[in-house]
Structures are given as C-alpha cells and as structure tokens.
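Open the model in your viewer and keep the selection panel handy.

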Amino acid sequence: MTNNSISGFRKILIANRGEIALRVIRTCKEMGIKTVAVYSTADKDSLHVKFADEAVCIGKPAGVDSYLNIPHLMAAAEITNADAVHPGYGFLAENARFAEICGEHGIKFIGPLPHQIRSMGDKITAKETMIRAGVPVIPGSEGLISSVEEAKPVAKTIGYPIILKATAGGGGKGMRVVWQEEDLEKAFNAAKTEAAASFKNDGIYMEKFVEDPRHIEIQVAGDRYGKVCHLSERDCSIQRRHQKLVEESPSPFMTPELREKMGEAAVKAASAIGYESVGTIEFLVDKHRNFYFMEMNTRIQVEHCVTEEVTNFDLIKEQIKIASGEAISGLNYYPAMHAIECRINAEDPYNDFRPSPGKITSLHQPGGHGIRIDSHVYSGYTIPPYYDSMIAKIISIARTREEAIKTMSRALSEYVIEGVKTTIPFHLQLMQNEDFIKGNFTTKFMDTFKML
C-alpha cells in the first residue's frame, strides 16, 4: 500500500451525506484537498455541510430529487470546479452510468471503472466471472430463470432448500427462500415483483440455500497497474433481514488456513476484472468452513472502519490515491488487533426495530482508550425520515476479542442519545449474550434473539 504521499486532486465533491461524507472530508483535509459538500434541504444543518470548504444545495429531501439526481450533482461539481467525485456508499456509489458521466465531464470518479462496476453489479455476470477465475461459487442456475416451469427442474437438481435472488439485487430485496416445491410459484412471483419495483429489473436466478452460514467478507484493493492485495476479513454474520448490525475483525470462526484460502480467492476475484479501487468480496461460509462467493461490493463499505483499526490503515486515503494513479504495494495485510463495530440506528429494538426519526434533545458520546465513533449527529440535530436510519458507528479496538467486547460494553453503557429511540439497548444486550461472547453465531442469530 502507499499511505505516505499526497494525491494530485485539488478539490473533491462528496456525492453523499451523513457520517460517510464527514469521514471523507476528514481524510481530504489531512491530504490538503479542498472539499465540496452537497445536501438536500432536509440536511442543511448536517455536520458534513458545516465541515466542508464549500456546500451546494442539490434539491428537495427525497433521494431522487437530491443525492440520486445526477444532473444536479454534476452541476454542483462544475460550478465549484471540483476535479473528482467521491460517491461514499449507497446512493450512486455503484452506479456505472454516474461514473461514466463523471468521466465525460473530465471529473474523476473515485472508485472502479464503469465496466468493473457493471461486471460485479449484475449477480449472474459476476458469478460467471468467478467460475472462470476459479473462485468457489454456490451451486445454482446457469443464468436467469424466466418462469416457474423453468425453475422447478433446476430446484430439483440443486435440491431444496433453494434461494431466489434478484440479479440486480442488494439489501435483501428480491430474495426468497423456498423449502419445498409447493411454495416455489408464490415465492418466484413475489421475488420477481419486488425486484422490478426495487431495481427496475425483474431478473431472477436460483442458488442452493446454505443453511446457517457465516457471512464473511474480504477487503481488497487494486490499482491500474494490475496489482491486487487483500486486507483480511470482517465477520458480518449478525444481521437482521439481510441488514448488518455488527461487524468484527478478525472473525472468531476463522482459522489461519481459511484466512489464507479466502484471501487468495478474494485477490483472484478482484484480479479477474482488473479491479481498480478498494472493494469487498463477500462470501458465505458453511459450518464445515467451505466458502462460496456471494457478491462483490465495488465501493467503500459502511464497516471499513473495522479493517482500518485492525490494520492501522486509512482506506479512504488509499481509495483517493488509487484514483489519482498511484500504485499499491501488492502486500496483503492481516489483523494485528481485534475490532468490533456496532451500528447505532435511530430504531426501536423493542418495537421490531421501527425507525425513530426526530430531534436529538441530548447527546453524550463515550470515549476512552480503544473507542472510535464515526457520526454526523449532535445535540439538537433532527434526524430526517427520508434516509437510512444509521446515525453512528461505534468501534472498539483491543488486543483480544474478549477485551474488545468488554470495551464495547463499557462504551455503550456511557452512550446517551435522548429524544429518539436507538439500537444502543440491543447492542448492550448482545455484548452480554453468551453465544455471542463465545463466537457461536450465524446469519440466523437474530431469528431467535429476544430483547429483555
């Protein structure tokens, strides 16, 4: 890696909001790069607007009128003379057309090339690419399935349970698990309808459903000179409805041998498309430690902080440097510490995690040794109802997993957010859960977890 020189960009527009926009601004300041914040009318009082060198209002609260409005974003970049755009995560971060338009206007998109985004954004194309690269994949259909009649023999060959997935999917949308043939038609139609509504693409494919897996992902980085390396794994198995709640590195399920194999597979996967930027290869790992490629996220992840803390590395800085044409070292990085991240959402864990937007009337954030908080909220800030409910990420860092859990428990007990409901009580109970403490959990953990 190359974390000791300064990028050639003069000014970067951050095409995002909230904590990730603030995170990018902080690294840009350290690198001597000017920043432009964009904001909707609902975000005029957000910290990323206050901390950037310049700020441009790009529309009304709805994402389609602001953070997803490419003409408005490009206009903001042009009037401020930004020479690069950082998309953060979500919104347009994995939109190949947005990356192309930036290029057409002479503005560098800080992320992979458009064809790389496309090749990994379509799940079927990505799976075919992984097969050619020799990366293990989950058994499934050879391509998209157009009808229930076509689906039935494929399901029989694979063997139930199976899972139907939207080829353009993400966030659990357009996914249905089917345990027996009688339920296939209903599930297929529901998945197709949801996929069309969510992604304007109703393409569906089928895979063997891996029961009670771990969700383990490998952080990768590649440059324009053909070098690719990995920065080891994150365990993201604690999730609810396919939305991650907690991430940690290293995984308590990992062995040195498995880490080497998965790291090698992730490098193969990124190398197969000549990947340029930082990204994540996501795998499902069964109870026998067999692992299967699931998808690639061609952007910075919410949970990138976990990797940063265990490898002592600024991934945002590396992303900017790669985009400016710098080479990486090609060396693989391994965890030297243990880090756990809890996502603090404005949700009520006692009421089925119902969103809880509103005004924060009082806020006290914890500190102390081994604690990092990435957040854009403050006392008096009003959480808008239009966007994702995550308002903070708290990361504990220690020499061992046991110490990291204790540090997290202590910090969560100090965390005070009043005026809205948050997931802090959930995380406090999780840190005291015997199965979690022992590392005995899978992606099904939340199916049986009950708030006390």
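Start with the second largest pocket, whose lining has 7 nonpolar, 2 polar and 6 charged residues. In this count Ala, Val, Leu, Ile, Met, Phe, Trp, Tyr, Cys and Pro are nonpolar, Asp, Glu, Lys and Arg are charged, and the others, Gly among them, are polar. The pocket has a volume of about 250 Å³. To centre your view on it, select Val 210, Glu 211, Asp 212, Asp 286 and Lys 287, the closest to its centre of the 15 lining residues.

Before moving on, note that this is a predicted model: local features need pLDDT of at least 70, side-chain atom pairs count only at pLDDT 80 or more, and totals for chains, interfaces and linings use all residues. Residues are numbered from 1 along each chain as its sequence is written, and side-chain values use heavy atoms, with hydrogens and water left out.

Pockets and cavities come from a 1 Å grid over the protein atoms alone: a cavity is a set of points where a 1.4 Å probe fits but cannot get out, a pocket is an open set with protein on both sides within 12 Å along at least five of seven lines, and lining residues have an atom within 4 Å of a point. Grid points are joined across faces, edges and corners, and a volume is the space filled by probe spheres set on the points.

How many cavities of 30 Å³ or more does the structure hold? There are 4. For the largest, with a volume of about 50 Å³, select Lys 108, Gly 111, Arg 224, Glu 276, Ser 277, Ile 322 and Ala 323. That lining has 2 nonpolar, 2 polar and 3 charged residues. The second largest cavity holds about 40 Å³ of space, and its lining includes Arg 17, His 376, Tyr 387 and Asp 388. Here the classes are 6 nonpolar, 2 polar and 2 charged.

Rings of Phe, Tyr and Trp (its six-membered ring) pair if their centres lie within 6.5 Å; planes under 30 degrees apart are stacked, over 60 edge-to-face and the rest tilted. The whole structure has 14 such pairs. Tyr 386 and Tyr 387 are edge-to-face, because their ring centres are 6.0 Å apart and their planes stand at 65 degrees. Tyr 387 is buried at 13% relative accessible area, while Tyr 386 is partly exposed at 49% (buried is under 20%, exposed over 50%, partly exposed in between, with a 1.4 Å probe and protein chains only). Now select Phe 283 and Phe 291: the centres are 5.4 Å apart and the planes at 90 degrees, so this pair is edge-to-face as well. Both of these residues are buried. Ring pairs also join Phe 353, Phe 426, Phe 436, Phe 441, Phe 445 and Phe 449 into a cluster.

Last, select Ser 251, in the loop between β13 (246-249) and α9 (256-271); helices (H or I, at least four residues) and strands (E, at least two) are DSSP runs numbered from the N terminus. Is Ser 251 buried or exposed? At 5% relative accessibility, Ser 251 counts as buried. Its side chain reaches the backbone nitrogen of Phe 253 at 3.1 Å.

Terms used
Polar contact = N/O pair within 3.5 Å; in protein donor to acceptor, adjacent residues only side chain to side chain.
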